[in-house]
Amino acid sequence: VVGNAKAGRVIFVSTCGSCHTLKAAGTTGEIGPDLDHVKLPEATIVKAITDGGSTVMTPAQRESYATTMVAYKNALPAKQIEDVAAFVYRATHGGR
C-alpha cells in the first residue's frame with residue numbers, strides 16, 4: 001500500500017462519503033458504487049480518483065449510474081489521492 005490509510009479515511013469521509021457507501025468510513029452515499037462490494041487493485045483506485053471513476057468502468061457499468069465521478073487530479077494533491085486509495089484498498093481487502 002502506497003498511501004497512508006489513516007489519513008485517507010479522514011479525506012474519504014469528507015470528500016467521498018456523500019456519494020459512496022463504505023462501512024469502514026461509516027458512510028452511506030448512494031450516488032456512486034457501494035465500495036463494500038468492490039475490490040479493486042490500489043493502482044486502479046488511484047486512477048479512478050485521479051482521472052474520474054468512469055475511466056475504470058466498462059460501458060455497461062457507466063450506464064448504470066446517472067452521473068460519473070469527476071477527476072480529482074486538480075482538486076487533491078497526489079499524496080492525498082494515494083492516502084484515500086490506501087484507505088479504500090485496505091477497507092475493501094480486509095485491512096491487508
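Gly29 sits in the loop between β2 (27–28) and α2. This placement, like every other feature described here, comes from a predicted model. Gly29 counts as buried, because its relative accessibility of 8% falls under the 20% limit for that class.

- Leaving aside neighbours within four places in sequence, Gly29 is in contact with Gly17, Ser18, Cys19, His20 and Thr21.
- The C-alpha atom of Gly29 is separated by 17 Å from that of Gly52, and the two residues are 23 residues apart along the chain.

**Helix α2 and its end**

- Helix α2 covers residues 42–51, and its buried residues are Glu42, Ile45, Ala48, Ile49 and Thr50.
- The elements that cover these buried residues of α2 include α4.
- Asp51 also belongs to helix α2, but Asp51 is partly exposed, with a relative accessible area of 31%.
- Asp51 and Val70 are 19 residues apart along the chain, and a distance of 7.4 Å separates their C-alpha atoms.
- Gly52 follows α2 and has a positive phi, near 110°.

- The structure holds one aromatic pair.
- Its members are Phe12 and Phe87, whose rings lie 5.7 Å apart from centre to centre, with 55° between the planes, and the arrangement is tilted.
- Phe12 lies in helix α1 (residues 5–16) and Phe87 in helix α4 (residues 78–92), so the pair ties together parts that are 75 residues apart in sequence.
- Phe12 counts as buried, with a relative accessibility of 1%.
- Phe87 is buried as well, with a relative accessible area of 7%.

- Lys6 is found in helix α1.
- Is Lys6 buried or exposed? At 73% relative accessibility, Lys6 counts as exposed, because the value is over the 50% limit for that class.
- The C-alpha atoms of Lys6 and Val84 are 8.7 Å from each other, although these residues are 78 residues apart along the chain.

**Thr92 in α4**

- Thr92 is placed in helix α4, and its relative accessibility of 8% makes it count as buried.
- A polar atom of the Thr92 side chain lies 2.8 Å from the backbone oxygen of Val88.
- Setting aside residues up to four places away in sequence, Thr92 touches Leu22, Leu35, Val38 and Lys39.

**The largest pocket**

- Rolling a probe the size of a water molecule over the atoms shows where empty space is left.
- The largest pocket has a volume of about 630 Å³.
- This pocket is lined by 30 residues, of which His20, Pro33, Leu35, Gly53 and Met69 are the closest to its centre.
- Helices α1, α2 and α4 each supply at least two residues of the lining of the largest pocket.
- What kinds of residue make up the lining of the largest pocket? The lining divides into 20 nonpolar residues, ten polar residues and no charged residues.

Terms used:
Residues are numbered from 1 along each chain as its sequence is written. This is a predicted model: local features need pLDDT of at least 70, side-chain atom pairs count only at pLDDT 80 or more; totals for chains, interfaces and linings use all residues. Side-chain values use heavy atoms; hydrogens and water are left out. Rings of Phe, Tyr and Trp (its six-membered ring) pair if their centres lie within 6.5 Å; planes under 30 degrees apart count as stacked, over 60 as edge-to-face and the rest as tilted. Helices (H or I, at least four residues) and strands (E, at least two) are DSSP runs, numbered from the N terminus. Buried means under 20% relative accessible area, exposed over 50%, partly exposed in between (1.4 Å probe, protein chains only). A polar contact is a pair of N or O atoms within 3.5 Å; within protein, one must be able to donate a hydrogen and the other to accept it, and residues adjacent in sequence count only if both atoms are side-chain atoms. Contact means heavy atoms within 4.5 Å. On a 1 Å grid over the protein atoms alone, a cavity is a set of points where a 1.4 Å probe fits but cannot get out, and a pocket is an open set with protein on both sides within 12 Å along at least five of seven lines; lining residues have an atom within 4 Å of a point. Grid points are joined across faces, edges and corners, and a volume is the space filled by probe spheres set on the points. Ala, Val, Leu, Ile, Met, Phe, Trp, Tyr, Cys and Pro count as nonpolar, Asp, Glu, Lys and Arg as charged, and the others, Gly among them, as polar.
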